[in-house]
Amino acid sequence: MSARVAVIVFPGTNCELDVMHVLEQLGGAPELVFHTETSLGGADAVVVPGGFAHGDYLRTGALARFSPVMAAVGEHAAGGGPVVGICNGFQVLTEAGLLPGALQKNAGLKFLCATVECRVDSTRSVLTAGAAPGAVLRLPINHFEGNYICDAATLDQLRADDRIVLRYVDNPNGALDDIAGICSEQGNVVGLMPHPERASDAVLGSADGVVLLQSLLDAATARSAAA
Amino acid sequence: MQFQARIDVKHLPGIADPQGATVQRSLPALGYTNVSEVHIGKLIRLVLDAPDEVAARVQVVEMCERLLANPVIEAYEIEIIELAPNT
């Protein structure tokens, strides 16, 4: 059976159809779940896609965390379910407390739209389990607030627990320790600034994102089979 | 009683303030060469009903902790002003 993935849609989300398309291409069964829902409808995994949830008003992700669906996403994560936040989705997950730290404005105050190289530095997450350790992936970034920050104790913890899953090869935004993506203690919640769904076909300039989304589907399938 | 709360949300010390830094770099171009610090944050004003000023402050602190500021990167200062009754 295909892995069921809930793709969360807030007002202002704009990458949900790209994520749906790639997950379908890879054999998954994604479904859009609107932010007012209180249930994920039995999905095996969750993607919080990019965009500008609730207009990014106040702070990126600040209002989205109070959308009704986020309680269900939190429960899913607490139960070990795979949750991946991409770009604005990463910002939402940090605001919701599902991942530590915050994303501040890029150093240099520039909106960045480019394809960058990211190194897989940990494969202990649901998003990177299928990637080769040390592999360099070409992935597009598209953000103004992608400059990851956390306190020194949190950074030590992330390093000690091998939770920094992706690092920029050439840091584009000032992110602490070149961090492009991190995961939770269990590895089931992942947030990353680059867009793997936009690197899913050679015709887009890179297909390096496929290995990440395939890992997520594999984790979802494993969870479905275990249920 | 009605109170106005003014909440000054600013970057925590050590957190980069790229907006402030950029404005600071542009001021000398206008001839203001004596500016040594520029910080850009947010000012939030809200009006609320509360039994007294202490109760109003307690509630605004809670709002800051839960929504108005992100403690990972931001600090806040609260000023509470009692509004004259509408008569």
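Visitor: Which pattern does chain B follow when read along the sequence?

Guide: Helices (H or I, at least four residues) and strands (E, at least two) are DSSP runs numbered from the N terminus. Along its sequence, chain B reads β-α-β-α-β, and its secondary structure comes to 2 helices and 3 strands. This is a predicted model, in which local features need pLDDT of at least 70 and side-chain atom pairs count only at pLDDT 80 or more, while totals for chains, interfaces and linings use all residues. Residues are numbered from 1 along each chain as its sequence is written, and chains are lettered from A and ligands numbered from 1 in the order in which they are written.

Visitor: What radius of gyration does chain B have?

Guide: The radius is taken over C-alpha atoms, and the globule rule is 2.2 Å times the number of residues to the power 0.38. Chain B has 17 Å, whereas a compact globule of 87 residues would have a value near 12 Å. Its C-alpha trace spans about 50 × 35 × 15 Å along the principal axes.

Visitor: How many residues does the largest nonpolar core have?

Guide: A nonpolar core is a set of buried Ala, Val, Leu, Ile, Met, Phe, Trp, Tyr and Cys residues joined through C-beta atoms within 7 Å. A residue is buried if 20 or more other C-beta atoms, placed from the backbone, lie within 10 Å of its own. The largest core has 72 residues, and helix α5 (residues 210–226) of chain A gives the most to it, with 6 residues. A second, separate core of 9 residues includes Ala5(B) and Tyr76(B).

Conventions. Buried ≥ 20, exposed ≤ 12 C-beta atoms within 10 Å, placed from the backbone.
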